[in-house]
Amino acid sequence: MMVPYKSFGVRDYTRAVTTAINSLQRSTRGPRLGLFQRYDLHVKIAMKELTPSPTAILDSLCKEFLSVNVSAILYLMNYEKYGRSTASAQYFLQLAGYLGIPVIAWNADNSGLERRASQSSLQLQLAPSLEHQTAAMLSILERYKWHQFSIVTSQIAGHDDFIQAVRERISDMQDTFKFTILSAILVTDPRHDLQELIKSESRVMLLYSTREEATSILSAATDQKITGENYVWVVTQSVIENLQTPSQFPVGMLGVHFDTSSESLVSEITTAIKVYAYGVEDFVNDPKNANRSLNTQLSCEGAGESRWSTGDLFFKYLKNVSVEGEQGKPNVEFTQDGVLKAAELKIMNLRPGVSKQLVWEEIGVWKSWEKEGLDIKDIVWPGNTHTPPQGVPEKFYLKITFLEEPPYINLAPPDPVTGKCLVDRGVHCRVAKDSDMEEVDIQAAQKNGSFYQCCSGFCIDLLQKFSEEIGFTYELVRVEDGKWGTLENGKWNGLIADLVNRKTDMVMTSLTINSEREAVVDFTIPFMETGIAIVVAKRTGIISPTAFLEPFDTASWMLVVIVAIHAATLMILFFEWASPSGFDMKKNPSANHRFSFCRTYWLVWAVLFQAAVHIDSPRGFTARFMTNVWALFAVVFLAIYTANLAAFMITREEFHEFTGVDDHRLARPFSHKPMFKFGTIQWSHTDSTLARYFKEMHSYMQAFNKSTVADGIEAVISGEMDAFIYDGTVLDYLVSQDEDCRLLTVGSWYAMTGYGIAFSRNSKYLQMFNKRLLDYRDNGDLERLRRYWMTGTCKPGKEVQKSSDPLALEQFLSAFLLLMMGILLAAVFLFLEYVYFKYIRQHLAKSDDGGTCAIFSLSVGKSLTFRGAVYEAQDILRRHRCKDPICDTHLWKVKHELDMAKIRIRQLEKDLEAHGIKPTQTKRKTGSLGWWRGCFQSSDRRSQPEPLAVEAPHPLPPYFDSYIDAVEVARPRDMSRNHVVSTEYLPDRFLPTEIYRIPDNNTARTEIAEIETVL
């Protein structure tokens, strides 16, 4: 055990150790320890001087501790010099840690120990830590609602740890109480360094230093009038030490303290021995440690180990002990860092004693284990008063000049009855001139809108936040000339003029920072970034001619039109050509097959658009399955297309898309015909910037400039101006506020800058506001204000309501354009059809028999066959009209000859009946009608048609062949109908049954060519 050196002190220490061990052996409150049945507990006492040298520390460790194989060191010191004594304690504890020997410490100057070194060593701290002291000090501030304070430290050991402990405690308490650190000052030269404390306007200070250093710091503070009434100094244990009070200490100081007297140190010996004993008990009772010993076997001579391997394990048992505390106090336990969990500190107050001498008097107790841990009695406050100070500066008065500009400052009339501003209308602000306010009753004037208005907006909310936290009162006054502040005839006007002439203390509005203004006034850091932007109005134009194509991009349309449609067409035709029930891979289709490439193309398009038109279906199963697959694709495609079409079939909004202020149409306005009309606000930052960098543009726009932003926006909406140029954030806000969404900001911002709060030159308030703005930026207050005030009211709901109005022509104009394009394309196809029949068909007929071309197009194939010629001849016959008498004579002659031929035929029919000629069911090899083969075409090209035969009871006359021809030709016909017989098989009309009969086993299909029609 290491204890402070004092004369005849060994006796007291030995008595305390003996008493502690005996109490453990006869323990009635705590558990009975079984270690005394197997082990003896020996305590080696070593006394240490105040400031031993490193060599003395090392010798003491080697000779007095390692030689007796100590398993733990009890380090109890009440020295509080925070100089070499703290350094020696640090050195001793680190050496013990390097050797792996646990240390149970109680040292009054533990706050001066380096945190990192302490945490890396095997150390348990029984004394209240630096964290306990900061928690107790902040609980005093919380009790009296002191939200803001400053930290003052000297170069005492652990001063950085003190600041860090305060910040961590503030972070832990932020949900219950919000603190603000105004400044953290490290004092080396008190008279110079305390100037920063004066500028911070702090009224509550936390001081961490030695007593000697505190004496010089508080002496300098008294000289600079930052002590006394309204100034509260709260100090740590290191300042109070043993309760001696230097004369420089001001009355009313507060501090935290724990007893560091020799009697207190001796009483802590019992606690330290109990911690050790309980740790040994847990260690030896753990079966895992049966083969481990608590003998260190370390030596400084090199004979033993350099580090005790069991030390780290034994330290875990010591750290997890729970020793019963005094009556009414929790058990002695430790955190994972080896710090005491529950600590008790006294709250001290420096007040006059009986002899008028200032003394430290206990006024309360702070207990870390209680929620309301602070209990304080009556206090003598600074200035020897009995009422606590406010903790903030006394409120000072500021005259603040403004100029309205939404959303930063909005004006609204006050309540005409009460004269008050409603919650959402902000605060009173004077709009009347100083000369108008003479001999005017303020109460009555506040109800009059010509004298006072209600100001609200971003800047007003920010100003109120400043007022609450800094502590000042203010009066808002509108600038008399209504100008922002520019050089006019060599003199400043507007807001800047009021600051230059010191007619106001501060300007709070959306005042843009620029180099000219910064030369004559002081600006805070920017609270909002901005630049010069352009606003234009949306004009309703016609819908895009390609709106029906916009649901898909170009690549998608190419994939559908070129790949998908043609792939489906070719695959359906290929499967039909390859199918046995289709073309069966033949070059020429059968006469009754009504399918081709063009008809496949027609089928694909009809299915795609789900058109109710006549189509020819393929015969092959595979081709039909492919058709169904394509139909499924068409359903999906149309569903996607239709769902997206509505978003594009709306009226396109047109606007002037300027690239920025430097757009050539604006920068050189006369270069564009017709010239655009645009302007800004005269005598504003935008106006002065354009006058400096765009002289031609500035000169041109003078005729269109407006006096207010509202006038400029209205001119753009009405079409009076094409564009309005002004600050970007203001225009963005006004665009979002337009309920009809008729406005739009275009182009990039020019001359980026920011808005700042302006003060007169060398104002004492500048740093104060800068500090607050930085805090607001870090904690997100500025961003929250921006989101609240910059939120627009361009309501989508109103746009939805408009959708129920009747559709205008321009909203579906693209459909008419599509129809017109289709008509023009159909005219082109008609021209190509004429070209085909006029020039191409006769050449194509020479090389194609009508079969191969029919695969491509059935119509083209038929136009090349005999049937096509019949169709044309019939059409010619129906439309034929003679144009002269000679033609009529010839036509009458032909008809007369035809009638005579018919009479002759009827006579021949009677002769045949007289000879008994009748068709029979028997096949004959003779009398074949081979000439008939040319008039009939078999539907099956794989086999040639067999000769037709008829039977008679006797041989036929030689003229029978010509007779049969005459019978068929001379039969009366209806010349107005189509005489080409269908290719479908009709048994009852296949051949003229009154002349011959086809054998039943030779079914055939044919068509009768109307020879007289051709002639």
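The link between C421 and C454 is left-handed, with -95 degrees about the S-S bond. This disulfide (a pair of cysteine sulfur atoms within 2.5 Å) has an S to S distance of 1.9 Å. C421 sits in the loop between β15 (410–412) and β16 (427–430), while C454 belongs to strand β17 (residues 452–456), so the bond ties together parts that are 33 residues apart in sequence. Helices (H or I, at least four residues) and strands (E, at least two) are DSSP runs, numbered from the N terminus. The model is a predicted one, in which local features need pLDDT of at least 70 and side-chain atom pairs count only at pLDDT 80 or more, whereas totals for chains, interfaces and linings use all residues. Residues are numbered from 1 along each chain as its sequence is written, and side-chain values use heavy atoms, with hydrogens and water left out.

How many disulfides does a search of the whole structure find? The search turns up two. Besides C421 and C454, the cysteines C429 and C455 are joined, with their sulfur atoms 1.9 Å apart. For C429 and C455 the torsion about the S-S bond is about 90 degrees, so this disulfide is right-handed. C429 is in strand β16 and C455 in strand β17, and the pair links distant parts of the chain, 26 residues apart.

Then there is the matter of burial, where buried means under 20% relative accessible area, exposed over 50%, and partly exposed in between (1.4 Å probe, protein chains only). C421 counts as buried at 18% relative accessibility, and C454 is buried at 1%. Both C429 and C455 are buried as well. Elsewhere, C459 is buried with a relative accessible area of 0%, whereas C598 is partly exposed at 31%.

Turning to the aromatics, the structure holds 41 aromatic pairs. Rings of Phe, Tyr and Trp (its six-membered ring) pair if their centres lie within 6.5 Å; planes under 30 degrees apart count as stacked, over 60 as edge-to-face and the rest as tilted. One of the pairs is F149 with F179, which is edge-to-face at 5.9 Å centre to centre and 75 degrees between the planes. F149 and F179 are both buried.

By its plane angle of 10 degrees, the pair of F633 and F637 is stacked, with 6.2 Å centre to centre. These two phenylalanines, F633 and F637, are four residues apart in helix α18 (residues 621–648), which means that about one helical turn separates them. F633 is partly exposed at 33% relative accessibility, but F637 is buried at 9%. Ring pairs also build a cluster out of F396, F466, F472, Y474, F759, Y765, F769 and Y776.

In helix α7 (residues 190–199), the residues P190, D193, L194 and L197 are buried. They cover an arc of only 100 degrees around the axis, so they end up on the same side of α7; the arc is that of the directions from the helix axis to the C-beta atoms. H192 and K199 are exposed on the other side of α7. What do the buried residues of α7 pack against? Their partners are β6, β7, β8 (204–208), α8 (211–223) and β9 (232–235), where contact means heavy atoms within 4.5 Å. After α7 comes E201, with a positive phi near 60 degrees.

Helix α8 has 13 residues and reaches 18 Å from its first C-alpha to its last, close to the 18 Å expected at 1.5 Å a residue; the expected span of a helix is 1.5 Å times one less than its number of residues. Buried in α8 are R211, A214, T215, I217, L218, A220 and A221. The cover over these buried residues of α8 includes β6, α7, β8, β9 and α9 (237–240). Just after α8, K225 takes a positive phi of about 60 degrees.

Finally, an unreviewed UniProt entry places the feature "transmembrane region" at residues 555–575, 627–650 and 812–837. UniProt positions are given in the numbering used here, feature names are shortened, and annotations may be inferred rather than shown by experiment. In the model, residues 555–575 are 100% helix and 0% strand, with end C-alpha atoms 28 Å apart.
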